[in-house]
Amino acid sequence: MSMLKDAWDQRCDQAKQAKAKIKHQHKELDKQKDALVKRLVETPKPKVIAAL
């Protein structure tokens, strides 16, 4: 039974690590999105403004 529990615990740890990685990636993508939106809103280029 110990091998099964060890395998289960290992898989649980892997899932936690994957979740943390996804959360980090989500934060980074949010930062990039916010920066892009800010640049788009502040752009002086008429073609970009018209597209928005």
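Q: How many helices and strands are there in the protein chain of this predicted model?
A: The predicted model has two helices and zero strands in its protein chain.

Q: What makes the protein chain more spread out than a compact globule?
A: For 52 residues the globule rule gives 10 Å, whereas the radius of gyration is 21 Å, well over that value; the chain is therefore more spread out than a compact globule. Along the principal axes, its C-alpha atoms fill a box of roughly 70 × 15 × 10 Å.

Q: Why is helix H1 said to lie largely in the open?
A: A residue is buried if its relative accessible area is under 20%. Of the 41 residues of H1, the number buried is zero, so the helix lies largely in the open. In the protein chain, buried residues make up 2% of the 52 residues.

Q: Why is Gln25 called partly exposed?
A: Gln25, found in helix H1, has a relative accessible area of 39%. Buried means under 20% and exposed means over 50%, with partly exposed in between; Gln25 is therefore partly exposed.

Q: How far apart are Gln25 and Gln10 in sequence and in space?
A: Gln25 and Gln10 are separated by 15 residues in sequence and by 23 Å in space, C-alpha to C-alpha.

Definitions and conventions: Residues are numbered from 1 along each chain as its sequence is written. This is a predicted model: local features need pLDDT of at least 70, side-chain atom pairs count only at pLDDT 80 or more; totals for chains, interfaces and linings use all residues. Side-chain values use heavy atoms; hydrogens and water are left out. Helices (H or I, at least four residues) and strands (E, at least two) are DSSP runs, numbered from the N terminus. The radius of gyration is taken over C-alpha atoms; the globule rule is 2.2 Å times the number of residues to the power 0.38. Buried means under 20% relative accessible area, exposed over 50%, partly exposed in between (1.4 Å probe, protein chains only).
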